[in-house]
Amino acid sequence: GGAAFYEYTSLERITIPLKDGIITDDDTFTGCENLEHVDLVEGEALRDTIDSLHLKEWRNDMNEGVDAINQNLLILSNRGAGGETRAIRRWISLVLFSIIHFKAQHRRLLDEAATTLQHAFPKDVVLNSILPFLKLPSYTLQGENNEGGG
């Protein structure tokens, strides 16, 4: 907690976990005027999950959302306005909410498709040979209820 990087002017890039509440102090990045890039610890797993989402629109929304923080930090640093901490905190919440929402929608569509496919194919064929190719990676994010898998 606290202002861990307060006035750390040489900080340009940081890698943080995608976890709501990880940044609690509004002054954590105050004075980090060169902070221009935030990476996520879960970056690769998150990108794999995004790439597996059913609809291209969802993938595009998520990729734009994940990349948005670095554009916002650049704008903030050019203005010299500060606000990096609040921007990062809001971004984490938005990315978490969005990926959990899209994964739930993906599961809903998958369940509907499974029901439809079971009318055309035997249940074991659907469960063992079709659905495994449509599931999302098994990575679970903070705040996500992963009941029912993929």
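This is a predicted model: local features need pLDDT of at least 70, side-chain atom pairs count only at pLDDT 80 or more; totals for chains, interfaces and linings use all residues.
The protein chain has a mean pLDDT of 82, and 87% of its residues reach 70 or more. Among the elements of the protein chain, β1 has the highest mean pLDDT, 91, while helix α4, residues 123-130, has the lowest, 81. Over residues 146-150, pLDDT stays under 50. For that stretch, the model has nine contacts beyond four places in sequence.

E7 is found in the segment before β1, which spans 13-16. The backbone of E7 has a positive phi of about 60°, although E7 is not a glycine. Most residues other than glycine have a negative phi.

The strands come next. β1 and β2 run parallel and are joined by four bridges. H37 belongs to strand β2, residues 37-40, where H37 and D39 make up the uncovered face. The covered face of β2 is formed by V38 and L40.

Helix α3 covers residues 84-120 and contains T116. T116 has a relative accessible area of 54%; because exposed residues are those over 50%, T116 counts as exposed. The C-alpha atoms of T116 and V126 are separated by 9.9 Å, and the two residues are 10 residues apart along the chain.

Terms used:
Residues are numbered from 1 along each chain as its sequence is written. Side-chain values use heavy atoms; hydrogens and water are left out. Helices (H or I, at least four residues) and strands (E, at least two) are DSSP runs, numbered from the N terminus. Buried means under 20% relative accessible area, exposed over 50%, partly exposed in between (1.4 Å probe, protein chains only). Two strands pair if DSSP finds at least two bridges between them. pLDDT is the predictor's confidence in each residue, from 0 to 100. Contact means heavy atoms within 4.5 Å.
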